[in-house]
Amino acid sequence: MSSRGLVWSGSVLAVLAAAAVGGADLMYPDYFQPPTVTTGVATLGPVSEAVYGTGTVEPERWAKVVPLQRRRLVELCRCEGQAVKVGQVLGRQDDAEEVSALHELEINNEQLARDLDRAKRDRDKSDAAKTEYEQRSTQFEQSKSRISAQKARIDSLVLRAPLDGMVLRRDGEVGEIVGPTDVLFWVGPPAPMQVVAEINEEEITRIAVGQKAFLRTEAFSAQALRATVSQITPKGDPTRKTFRVYLLLPRDTPLRIGMTVEVNIIHREKAAAVVVPAEAVAANAVQVVSSGKIRRVPVTVGIRGSRNVEIIGKVSKDMTVLSPARADLADGTRVRIENVAAKPATDAPADVTPSPSSSPAPDREPAAIVTSSADADSAVISSAISAHVDSVVNDARRNIGKYR
């Protein structure tokens, strides 16, 4: 074959090859174009891990006033918000029956006293007189004891302040019949105040005296409310599977006695940590995008949040990582980024509260938060609530077999 024929044949083959490649590119673009990925940005910021619970605001010292007997109320002070002293009368129950019985006992006692006086004068006359004197003396002492008991019974119908402080609340009205199950007064010093919180028994080992906490209530949703763990009850409630934790409130707290709050106790925190979206971590590694190619970097996961996690490894601030991770892409694969990796705003927490309908992870995560802003309080609360929801759902999954 001539050289001209060879050149012509080569040209035809090149054209056919180019057409084949072009056709294949149109029919199978994934094999000839870089795969499209979405990314996130590694940020540097403070991270915290919190334990979630719910609680009620109470004074540090207070007591309930309840009647010891079931009787009708005949007197009740209008003293809510007023200062009282220990022993001060707050109300009275109907004691007409008891007073009448006391009157009978006193009349009988007077007769016994006269009989005893006569027997005393005659006790030396005979053995029988001496025996009668001893009987009369015993009867007289018994009568005095019954009178003392009846007076104590009447006094128990008087409702008194159990300690110095303020009448925090008053219930009941004159004319009502009340008994030992009815609380009529709450009395105590209005300050200092504390939050009595219930913490899941699975998380109580992470709580210690002195830890700080963030509080949340709809009444003061725009304020940062803080407290400090002051005491942990030694014995938990085996029925509710919770432990009681006391948190001391600062004196300038706007919270009021009786309010319910959500409690987020800080278990551990770091001032600065590298943070990436949780979905960017797979098999203890992240995929960093550099010059259009991906590179797998091993990392250790630190504090976990509902949306973000702390990573420890050779990943620094502002690095672009695949989010979600792509296990199907090998190192060195060229990729095309679909989204523009944006750095989280510095005035908003990186974690947000998940929707109640969102599916929780199969394994419960610690109540953790990740934030890159000064608004750490909201982030702590959001993530702690998320982890608490996960805990409830997973408890239900573990127990579902019991009811089938």
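Okay, let's start at Pro324, which sits in the loop between β20 (320-322) and β21 (336-337). Quick note on names: strands (E, at least two residues) are DSSP runs, numbered from the N terminus.

Before I go on, this is a predicted model, where local features need pLDDT of at least 70, side-chain atom pairs count only at pLDDT 80 or more, and totals for chains, interfaces and linings use all residues. Residues are numbered from 1 along each chain as its sequence is written, and side-chain values use heavy atoms, with hydrogens and water left out.

Back to prolines. A cis peptide bond also joins Ala191 and Pro192, with omega about -5°. Pro192 is in the loop between β11 (185-188) and β12 (193-200).

Now the strands. Which strand pairs with β17 over six bridges? That's β18: residues 285-290 and 293-304 run antiparallel. Pairing here means that DSSP finds at least two bridges between the two strands. Ser290 has Lys293 of β18 as its bridge partner, and the two strands form a hairpin with two residues between them. β18 also pairs with β19 (residues 308-313), antiparallel again, over four bridges; there, Thr300 is partnered with Ile312.

Ser291, in the hairpin turn, has a positive phi of about 55°, and Ser291 is exposed at 69% relative accessible area. Asp318, in the loop between β19 and β20, isn't a glycine either, yet has a positive phi of about 75°. Asp318 is partly exposed, at 44%. The cut-offs: buried is under 20% relative accessible area, exposed is over 50%, and partly exposed is in between (1.4 Å probe, protein chains only).
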